[in-house]
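Me: I would like to learn how to read a structure like this one, feature by feature. Please give the general idea each time, then the case at hand.

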Amino acid sequence: GRLRLRMMGGEEAELKRLMFEASQQRARAAAKGSEERARRELLRKEIGELVASREAVAVKASALSEKLARNPQLAEMMKSKLPGGSIESLLDKNPEVQRLDARVAELESELEVLSSWGVARLAFQEGGRARELAAGLRNRPLLVLPDGLMGDHLKDAASEERFLTRDELIKIEGDLPFAQGEWKQTEDGATLRRVQADVMRVFSASIVEAAKEMIPVAFPGIANEGNPLHGAARTEAFFQELENLVRICQYATAIGSPSFTDPEAATQLRELFRELKIPPIVAAEAVRAMQKRSCFLGQMSREAPNCWPACIAAFERVADDLEGPGNEDIVVEE
């Protein structure tokens, strides 16, 4: 059941490098993912405890408010000691409630960032218009799940924002020859799609690495101070987003989807890149570099070395979505 690749002459060293790189990056990603999951759980627990404390304070304030309402003379005597000088302000201006509310808001903001991925995480950190666009993409994502059987195959992976597993790909392979209309594939065609999609899953980190290698060459100085990809947070968010795009392309490759992105969401994603001062064309060219690496790795498959064309249309669709109707000039500071 393991994915096996061929070693071919002068390409052997490069392929070994990519295989080692893929295993190392998967290990790092797994460790970081585990840390972030633990942090999210701690945040949710602390938020729950703070909300419970706030409710306890609110109950006490409400009881005192009712007591004072029944005793106007006592209320008048305590007026100077009440926050805001009125019974109504017992809760709204209660220092303890304000402290708890501020802490909850702080933790919810951190949780929102940790619950997002790629450029959306950067947007939630920076706030403003970028945050609004990221929130819009959360409600209307780039990926459009098809109706029927193929959509059922994708929904679990899509909701968990992960790649299709080998077992899931095998199930899709088995169903494609019996699918209706545009989804129908020959048995051989379904196998080619399964093999190429599995390559994309196993080597996702190496596929993204192709973009990392291309960008400094194609866009010199783009990571320098004052430029779009300067700083660890921005570069990490950008390359996380590219991995997310590889995942979407894997879905489309597996099922042979001719249309799998939402045009309005694509427009919003381009706007989000611009709001973050990252030219969309950089992302588009990165996707094309990842397409080449994905095709190269597909050609190395022992089981089906002719599987690589299965991913071409998916990467092209995403690259075209990112590039949009027009290109703006990219200006970088030396």
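Me: Are Phe238 and Phe273 buried or exposed?

Reply: Buried means under 20% relative accessible area, exposed means over 50%, and partly exposed lies in between, with a 1.4 Å probe and protein chains only. Both Phe238 and Phe273 are buried. Keep in mind that this is a predicted model, in which local features need pLDDT of at least 70, side-chain atom pairs count only at pLDDT 80 or more, and totals for chains, interfaces and linings use all residues. Residues are numbered from 1 along each chain as its sequence is written, and side-chain values use heavy atoms, with hydrogens and water left out.

Me: How many aromatic pairs does the structure hold?

Reply: A pair of aromatic rings is described by the distance of the centres and the angle of the planes. Rings of Phe, Tyr and Trp (its six-membered ring) pair if their centres lie within 6.5 Å; planes under 30 degrees apart count as stacked, over 60 as edge-to-face and the rest as tilted. The structure holds two such pairs. Phe238 and Phe239 make an edge-to-face pair, 5.4 Å centre to centre with 75° between the planes. For Phe238 and Phe273 the ring centres are 6.2 Å apart and the planes stand at 70°, so this pair is edge-to-face.

Me: Which parts of the chain does the pair of Phe238 and Phe273 link?

Reply: Helices (H or I, at least four residues) and strands (E, at least two) are DSSP runs, numbered from the N terminus. Phe238 is in helix 11 (residues 232-255) and Phe273 in helix 12 (residues 263-275), 35 residues apart, so the pair links distant parts of the chain. Ring pairs join Phe238, Phe239 and Phe273 into a cluster.

Me: What lies over the face of Phe239?

Reply: A charge sits over a ring if NZ of Lys or CZ of Arg is within 6 Å of the ring centre and within 35 degrees of the ring normal. Here Lys212 lies over the face of Phe239, at 5.3 Å from the ring centre.

Me: How many residues of helix 11 are buried, and what span is expected for this helix?

Reply: The expected span of a helix is 1.5 Å times one less than its number of residues. Helix 11 has 24 residues and reaches 35 Å from its first C-alpha to its last, close to the expected 34 Å. The helix is mostly covered, with 19 of its 24 residues buried. Gly256 follows helix 11 and has a positive phi, near 70°. Helix 9 (residues 187-202) can be read in the same manner: its 16 residues should span 22 Å, and its end C-alpha atoms are 23 Å apart, which agrees.

Me: Which residues touch the most other members of the largest nonpolar core?

Reply: In soluble globular proteins, nonpolar side chains tend to be buried together. A nonpolar core is a set of buried Ala, Val, Leu, Ile, Met, Phe, Trp, Tyr and Cys residues joined through side-chain atoms within 4.5 Å. The largest core has 75 residues, of which Ile215, Phe238, Leu242, Leu272, Met290 and Leu322 touch the most other members. Its largest share, 12 residues, comes from helix 11. A second, separate core of nine residues includes Leu43, Val57, Val104 and Leu107.

Me: Where is Val208 found, and with which residues is it in contact?

Reply: Contact means heavy atoms within 4.5 Å. Val208 is found in helix 10 (residues 204-218) and is buried, with a relative accessible area of 6%. Leaving aside neighbours within four places in sequence, Val208 is in contact with Phe239, Leu242, Glu243, Val246 and Met290.

Me: Which residue other than glycine has a positive phi near 50°?

Reply: Most residues other than glycine have a negative phi. Glu161 has a positive phi, near 50°. Glu161 is found in the loop between helix 7 (148-159) and helix 8 (166-175) and is exposed, with a relative accessible area of 52%. Lys277 also has a positive phi, about 65°, although it is not a glycine. Lys277 lies in the loop between helix 12 and helix 13 and counts as exposed at 58% relative accessibility.
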